[in-house]
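Hi,

Here is the structure I promised to pass on. Have a look at it first, and then read on for what turned up.

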Amino acid sequence: MDTWLNQQSLVTIGLYLVTGMVLALLLGRRLEVWFVKRFGDLPEGTTTLISAIFALTAFLLGFAFNMSNNRYEQRRQSIVEEANAIGTAMLRIDLYPDSLRPVFKGHFDDYLAKRIAFFKAGPQYDSAMYWEAEAGKSGDQLWQMATRYGRDTKDIIATSQMIPALNAMFDAATTRRFGIIAKVPEPILYLLFLLAFTSAFLAGFNSPKEKVNYFVSTIFCLMTVLVILLVFDLDRPRRGLVRFDDTHKAIESLQTTK
């Protein structure tokens, strides 16, 4: 089931991040002014430690981005693999006698339509799970039909080719489902939030004594937020802006296969 964080839109997350980082920046500046008035200059080595925290933030941003991008590529590849598996199984219908081909074709069309509906359900979790269950029922019918006619010696060759193709098709659907579930662990995402706020606070705390360069500080906050949002977007195959519509046409095109 979707968690609270995954249910929020990118706009909402972006607003939280921008607001939090701006407030942290201003708070850091206020605290620096108070600290300098009371204790004088910042202790020696403060800038070095702050730079280390910035480096840690950059490292975690890169790590999270790489993790989400890898998952995105795996999901995209799983769609292509499922399209290939379904296409291969459908081609093997031709191995059966003319009397059986229309029956197999009807079951495959039903299975294919439900797999497409599973994709088009988008972020509607309950709808997606419904269509996945329905596709599973259609897959069971295909399996039962293939095994039933496999007992007939005259169809043994066709069945020996169809059974592995159906196995590959079902395995591809399972891989795709778990690929959607697999996401960047939420503790890492929350740590990104914390480091973003901390970096903004330290940017304000370590600003020049005379005046904060709010233009540069704003650019820093916006760029950090955009990178975090990209991590979220790549990690949300059903909710984000980066989607698989073009890739999924490989499966949709199978509906025209005769």
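Which residue forms a salt bridge with Arg-243? In this predicted model, the partner is Asp-245, and the closest N and O atoms of the pair are 3.7 Å apart. Asp-245 is partly exposed because its relative accessible area is 41%, and Arg-243 is partly exposed too, at 30%.

Another one joins Asp-235 to Arg-75, at 3.6 Å from N to O. This pair ties together distant parts of the chain, 160 residues apart: Asp-235 sits in the loop between H8 and helix H9, while Arg-75 is in helix H3. Asp-235 counts as buried because its relative accessibility is 5%, under the 20% cut-off. Arg-75 is buried as well, with a relative accessible area of 3%.

Within helix H2 you will find Glu-32 and Arg-29, 3 residues apart, or about one turn of the helix. Their side chains meet in a salt bridge of 2.8 Å, N to O, and both residues are buried. There is also a network of salt bridges that links Asp-110, Lys-114, Glu-134 and Lys-137.

Last, a word on helix H8, which covers residues 214-234 and reaches 30 Å from its first C-alpha to its last, close to the 30 Å expected. Its buried residues include Cys-221, Val-225, Ile-228 and Phe-232. Helices H1, H2, H3 and H7 are among the elements that cover the buried residues of H8.

Happy browsing, and do write back with any questions!

Conventions. Residues are numbered from 1 along each chain as its sequence is written. This is a predicted model: local features need pLDDT of at least 70, side-chain atom pairs count only at pLDDT 80 or more; totals for chains, interfaces and linings use all residues. Side-chain values use heavy atoms; hydrogens and water are left out. Helices (H or I, at least four residues) and strands (E, at least two) are DSSP runs, numbered from the N terminus. The expected span of a helix is 1.5 Å times one less than its number of residues. Buried means under 20% relative accessible area, exposed over 50%, partly exposed in between (1.4 Å probe, protein chains only). Contact means heavy atoms within 4.5 Å. A salt bridge is a side-chain nitrogen of Lys or Arg within 4 Å of a carboxyl oxygen of Asp or Glu.
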